[in-house]
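Please open the structure in a viewer and follow the selections below in order.

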Amino acid sequence: PLCCFQVIRCRAAVAWAVGQPLSLEEVEVAPPKAGEVRIKIVATGICHTDYHLLEGIFPNSDFPVIPGHEGAGIVESVGEGVTSVKPGDKVVPFPLPHCGECSFCLNPESNYCLKGHFTESQNLLPDKTSRFTCKGKQIHHFLWVSTFAEYTVVPEYAVAKIDAAAPLDKVCLFGCGFSTGYGAAVNTAKVKPGSTCAVFGLGGVGLSVVMGCKAAGASRIIGIDINKDKFTKAKELGATECISPRDFKKPIQEVLTEMTGHGVDYSFEAIGLADTLIAALASCNMNTGVCVMIGELPSDSMISIDPMLLLTGRTWKGTLVGGWRMRESIPKLVSSYLDKKFNSDLLITHTLPIAKVNEGFELLRAGKR
């Protein structure tokens with residue numbers, strides 16, 4: 001159909017420069033080229049990674065840019081050669097692509113892809129051009145997703161078709177936040193039934209970790225946050241107890257070690273601070289304990305640790321989007337959601353129109369989400 005070849009004019013929240021509030025603009029979104037998909041974005045989440053981008057601490061990013069990497073929508077048109085989705089399909093685009101051809105994609109134990117941002121910039125589409133323009137200027141993509149636009153264009157291998165029954169305003173979280181936290185517990189840590197877990201940070205990702213630990217059968221899940229307003233929801237989602245480091249005179253890792261005997265079996269850092277990362281590592285037991293790093297530190301950060309923390313046998317792991325191979329896993333997670341295997345709806349605290357996106361970031365900074 002002819003509509004496939006039209007430029008769409010729509011609204012988008014544009015970041016013109018580091019440290020500036022987002023600006024609601026009319027942008028032009030070019031049609032998809034071969035192997036690309038143009039999506040009408042219906043809902044998007046605000047993730048801390050978007051905040052890192054705006055603050056200038058996300059690695060190798062270019063401005064001006066349309067942020068957002070956690071969304072859901074409906075396919076508007078497809079470029080030549082696209083076969084996995086068609087106009088009208090409900091989809092979730094995702095920031096960690098799956099090209100299906102690189103050595104990582106061909107390794108069944110890996111969920112990385114060499115097209116991912118850590119090895120090849122996702123600021124422009126694979127042909128090194130942008131589909132966005134505003135006021136005559138080229139606007140960069142963010143992680144190929146850019147969900148803060150009413151329409152976006154992504155490569156076919158960065159989008160997953162989902163069940164037509166899925167509510168897009170709820171499953172938009174599956175593109176990053178929920179999948180990352182839940183998967184950190186069930187895939188990366190492989191939490192065992194009856195085990196003890198500690199979750200540092202009870203924002204959306206940390207609460208998703210709590211849900212994953214509960215689903216995996218953990219018997220004790222300790223939530224840790226300096227914001228006690230988050231404790232009620234954490235307990236509703238499966239935390240057995242919650243503590244604030246501010247209530248203790250001693251380091252939190254010592255508190256956790258005393259609470260559990262020799263430390264927890266699994267610890268998760270879902271904040272992105274060097275101090276809490278070291279505390280999380282030290283709070284898991286010295287021999288079989290597993291610490292999973294989820295929070296993203298500023299790109300030039302360095303951490304100093306006591307090597308004895310690892311020499312005795314602890315495992316320290318990182319996770320990218322919860323270890324899922326996103327293209328095949330998102331449809332399955334959406335099906336599990338529809339089957340009521342978990343209630344990720346509880347992660348949604350506020351719903352705002354795109355025009356109030358800056359208010360959304362204020363809520364994030366204030367810890368109200």
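Select residues 8–177 together with 323–366 as domain 1, and residues 189–318 as domain 2; these bounds come from an automatic or database domain assignment. The model is predicted: local features need pLDDT of at least 70 and side-chain atom pairs count only at pLDDT 80 or more, while totals for chains, interfaces and linings use all residues. Residues are numbered from 1 along each chain as its sequence is written, and side-chain values use heavy atoms, with hydrogens and water left out.

Next, display both domains: their centres, taken over C-alpha atoms, lie 29 Å apart. At the interface, 13 residues of domain 1 contact 11 residues of domain 2 (heavy atoms within 4.5 Å). About 1,000 Å² is buried between the two domains, with carbon and sulfur atoms giving 62%; buried area is the accessible area (1.4 Å probe) that two parts lose on being put together, summed over both.

Now select Ile57, Leu346 and Leu347 in domain 1, which lose the most area to domain 2 and together account for 49% of what that side buries.

Finally, return to the whole chain. Its C-alpha trace spans about 65 × 40 × 35 Å along the principal axes. The secondary structure consists of 10 helices and 15 strands, taken as DSSP runs (H or I, at least four residues, for helices; E, at least two, for strands).
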